[in-house]
Amino acid sequence: MKALFRILMVCGAVALIGFMFFNTPKENEPLEGPNTNSNIIPQTQLKQEPAIGAMTRPQTGISTLIGKGTQTVLEQYGEPARKEPSSFGYQWWVYNEDVSTFFMIGIDNNIVTQIYIAGQEIDAFPFKVGQKRDEIYRMTIIDYEVAATVGENIFIFSMSEEDMQTRLLIKFDGLYAQLYIDRETSELQGIRYTDSETLVLHQPYEMSYQGELVRRAPPSSFLQQEIDVASANQLDDLLNVTRVHHDLLPLEMDESLEEAARMHSEDMKVQNFLAHESPTYGDLKKRLQTQKIEYSEANENLATAYFDAIEAMHGWTNSPEHRKVLLNDRYTRVGSGAFVDYYTQIYLEPTTQEVGREEQDNEETKNEKQDSEESTDKSNQTLP
């Protein structure tokens, strides 16, 4: 009898350890963006912008929309799926109907000031999503320093060795292109075309300048809430674009995960920390338990000091540990949250019981719809 009792105790301990191990969310180090250490250096005198060195501005492709009005955009692409504010004063028009044609357009005072392209079927001439870095280097004028002017003000952007591999800045006549390159595959992930003023607003690289900085007034607290929601939506979109590009299924957005991610981003900003474990609400496991979210496996990516969701997603993709998480084929759900420049994305594999309940609910909904349609058909029949 004692032997049987000992066996049962051992089995129980093993089961408990197994439950704790397999249901404990995995964690990786939070990611701090390049804006953390980027210097903005005023100078009394800078070299004048060189007369040569810029590439000829493209005459075809979507970059030709830069500087044009919204009516031209509507005529060519129709209404966007969403119109969302940004912390820089412009509005994002998001076209996310299909991953292969995903792009976003920045609109300021009814004028196109920037375009971000991640869809492989969008004409982004002279570049193309999926293009190899070596090919880009062969066809493009690339320098460590790129000059821009806004009025009489001069700005010099300096790229690091890391930027030269994963985040190139290319100058055209009156136009700039940021090229986001996948470190692992050496393929072009995304392209951001921008005018000079928007580039200076973003300050994406170390920058020296002569004259006056281009700044925008910070958004109101109410507008910031809308911006945070927009950033979370964009993180969801960009994640699924990235996954599909790597032949993985997109993840389903989960509102409860979105709320958990939003709360953690706000908590990090307000309490000034960057970690998976909150001093107030605990680690990811405790936070999911508080939200009564069940799961078989969960994980999250954290980031700060990126000026928008596009930069944050590319940062995660080029960080080996964060990349493993967002490209994990076990996860089926996602929730993204942003608060100013703090970003959280939670990934989850639901329990088999929950999946079964969802399938049953979907089947019941389908049957109810069929019954309703049949009832409608009968009521529409006329008597002879």
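What is the mean pLDDT of the chain, and what share of its residues reach 70 or more? The mean is 87, and 82% of the residues reach 70 or more. Two stretches need care. Over residues 7–22 the pLDDT falls below 50. That stretch has one contact in the model beyond near neighbours in sequence. Residues 378–384 also have a pLDDT below 50. Beyond near neighbours in sequence, they make zero contacts. Where pLDDT is low, the predicted coordinates should not be read in detail.

Now turn to the sheets. Strands of a sheet pair through backbone hydrogen bonds, and they do so either parallel or antiparallel. Start with the sheet of seven strands. It is open, and its order is E3-E4-E5-E6-E11-E10-E9. The pairing is antiparallel. Strand E3 (82–85) forms one edge, and strand E9 (167–172) forms the other. Each of these two pairs on one side only. From one strand to the next, the twist averages 20 degrees.

E9 runs antiparallel to strand E10 (residues 175–181), and six bridges join the two.

Helix H6 touches E3, strand E4 (91–95), strand E5 (103–108) and strand E6 (111–117). The direction of H6 makes about 130 degrees with that of E3. Helix H9 lies across E4, E5, E6, E9, E10 and strand E11 (188–194). H9 runs at about 155 degrees to E11.

How do H6 and H9 meet each other? H6 spans residues 221–245, and H9 spans residues 309–317. Their axes come within 9 Å and cross at roughly 40 degrees. The two helices are therefore oblique to each other. The crossing of H6 past H9 is right-handed. On the H6 side, the residues in the contact are Ser231, Gln234, Leu235, Leu238, Leu239 and Thr242. On the H9 side, they are Ala309, Ile310, Ala312, Met313, Trp316 and Thr317. Sorted by type, the contact has eight nonpolar residues, four polar and no charged.

Next comes another open sheet. Four strands form it, in the order E2-E12-E8-E7. Here the pairing is mixed. The edge strands are E2 (40–42) and E7 (145–150), and each pairs on one side only. The twist averages 20 degrees from one strand to the next. Inside this order, strand E8 (residues 153–158) and strand E12 (residues 206–210) run antiparallel. Five bridges join them. In one of these bridges, isoleucine 156 has serine 208 in E12 as its partner.

Finally, consider the backbone in the loops. Most residues other than glycine have a negative phi, and most peptide bonds are trans. Between phenylalanine 125 and proline 126 the bond is cis, with omega near 10 degrees. Proline 126 sits in the loop between E6 and helix H3 (133–139).

The other topic is phi. Which residues have a positive phi without being glycine? Serine 186 is one of them, with phi near 60 degrees. Its place is the loop between E10 and E11. Asparagine 272 is another, with a positive phi of about 55 degrees. Asparagine 272 lies in the loop between helix H7 (255–271) and helix H8 (284–290).

Notes. Residues are numbered from 1 along each chain as its sequence is written. This is a predicted model: local features need pLDDT of at least 70, side-chain atom pairs count only at pLDDT 80 or more; totals for chains, interfaces and linings use all residues. Side-chain values use heavy atoms; hydrogens and water are left out. pLDDT is the predictor's confidence in each residue, from 0 to 100. Contact means heavy atoms within 4.5 Å. Axes are lines fitted to C-alpha atoms, for helices over the stretch in contact, and angles run from 0 to 180 degrees between N-to-C directions. Angles under 35 degrees count as roughly parallel, over 145 as roughly antiparallel, 65 to 115 as roughly perpendicular and the rest as oblique. A crossing is left-handed if the near helix is turned anticlockwise from the far one by less than a right angle, and right-handed if clockwise. Ala, Val, Leu, Ile, Met, Phe, Trp, Tyr, Cys and Pro count as nonpolar, Asp, Glu, Lys and Arg as charged, and the others, Gly among them, as polar. Two strands pair if DSSP finds at least two bridges between them.
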